Amino acid sequence: MSNAFPALPADFVFGAATAAYQIEGAHDEDGRGPSIWDTYCREPGRIEGAASGDVACDHYHRYREDVALLRELGAGSYRFSVAWPRVQPTGTGPANRRGLDFYDRLTDELLAAGISPAATLYHWDLPQPLEDRGGWRVRETAQRFAEYAALVAARLGDRIPRWITLNEPFCSAFLGYATGRHAPGAREGRGALAAAHHLLVGHGLAVRALRAAGVAEAGITLNPDRLLPATDSAADHAALRRAETLHNETWLDPLFAGRYPRGAAETWGPQADGSWRLDGDLALIGTPSDFVGINYYRPITVADAPYRDPDPATRTATDIRVAECPRDDVRHTTMGWPVDPHTLTDLLTDLTARYPALPPLLITENGSAEADTVTPDGRVHDTDRVDYLRGHLAAVADAIRAGVDVRGYYVWSLLDNFEWARGYGQRFGLVHIDYPTQRRLPKDSYHWYRDLIAAHHRHHTRQQAPTAQHTGEQAAR
Ligand code: FCB
């Protein structure tokens, strides 16, 4: 029987996603400068297996092979990120032509394969010299980001229709500057809150720069969380409210409701004095977007907890008297993340209800890390990943049936790759990478996704056929 999800509209876009530092390698080629991730990976104890993105999937040299895999897959769109330190090795000044040349070649290769490019401008690889001047803690970085956006759009804006300013600013601000689990590895309170604000200002400025360059679509990718209270106690519900502020409202309220999060004082106390805000920032942050990208992997169950650090002067911005609780009622991926697809439907319907001004949605990442092995038949039988993807696509279809405007879905990820602090042990790809040889091997999930995309197109072509005959027009595809 058909693999398609009939609720997904005919023009629903199926894609796959990657990010520059996780796949490109070629860390010192063609004038690329160092990013905060190059620095962080070299600090002892930061990354599992002391790994780095120095070589990664060597995509910088193998992009043709990778685009061929996307074409075989039938992907309608490919989401990749542009490495800021390739374009501006020090984070300021004129473009490094050889850096932009790479994205030019990649874009043309995609277009020749009939795949629509979707570019993320910032997937976490801040040029190190900008971090040395304060990074996202300082407003200047937002200005620099907009200048970089203008340089990239001037070169590629005519051929790349879809632009994503930031990927998951939650992670940049709170993993980068509060938990220290991501580059640059800081553990701060006010610094992280200021970073959150400056990332949003950078987004607003970059959207304006992209519009000035005439691009077709501009938006941001967030990772809003589906948060569940551990119990019905008042204390756990209060913890849930604080977690909502940290994970969701810090981003969604200024972007789509024209206000700063109302729970800031309860969540952070005097740390959140907002002294980094300027008049006019809300209007800038709220510059209209054409879409919002949603990255979704798992729900988080939260409970009330004491502060980890009793001293408010040294307390980090993620220390908000909330503990994440384990679950024992569902399967977990190798990341330790619970698999509960229905929570994606709930998240999407809830966001739509809470933010009437929300633009159309794109699922810009969804996928699972599994313990993949190449079996003696030369295949990777990743049935758990197929179940995960099928369940989450069904959850998207349910949300659409409930009235949510979702335009597309990108699997994370096309390739196994460098999973940040977790190194190369976590495999998210539709395509298996044998790192010593760089051999690409499509997994069963790749074949499943390819068949699903083909079935979707067949299903909708059949639906259109009577009209086409009637009017004499060609049925689409
Ligand atoms: C997201 C990141 C992406 C990848 C997945 C697993 O938070 O955007 O780069 O690491 O998680």
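Which residues line the second largest cavity?

Author: This is a predicted model, in which local features need pLDDT of at least 70 and side-chain atom pairs count only at pLDDT 80 or more, while totals for chains, interfaces and linings use all residues. Residues are numbered from 1 along each chain as its sequence is written, and side-chain values use heavy atoms, with hydrogens and water left out.

The second largest cavity is lined by Ile 36, Trp 37, Tyr 122, Trp 124, Trp 136, Cys 171, Ser 172, Tyr 177, His 182, Ala 183 and Pro 184. A cavity here is a set of points, on a 1 Å grid over the protein atoms alone, where a 1.4 Å probe fits but cannot get out, and a lining residue has an atom within 4 Å of a point. Helix H2 (36-41) and helix H8 (169-179) are the elements that give two or more residues to this lining, and H8 supplies the largest share, three residues; helices are DSSP runs of H or I with at least four residues, strands are runs of E with at least two, and both are numbered from the N terminus. By class, the lining of the second largest cavity holds nine nonpolar, two polar and no charged residues, where Ala, Val, Leu, Ile, Met, Phe, Trp, Tyr, Cys and Pro count as nonpolar, Asp, Glu, Lys and Arg as charged, and the others, Gly among them, as polar. The volume of this second largest cavity is about 60 Å³, a volume being the space filled by probe spheres set on grid points that are joined across faces, edges and corners.

Of the 13 residues that line the largest cavity, Leu 193, Thr 250, Pro 261, Trp 276 and Arg 277 are the closest to its centre. Helix H9 (190-212), helix H10 (234-256) and helix H11 (264-268) each give two or more residues to that lining, with H9 giving the most, four residues.

Conventions
On a 1 Å grid over the protein atoms alone, a cavity is a set of points where a 1.4 Å probe fits but cannot get out, and a pocket is an open set with protein on both sides within 12 Å along at least five of seven lines; lining residues have an atom within 4 Å of a point.
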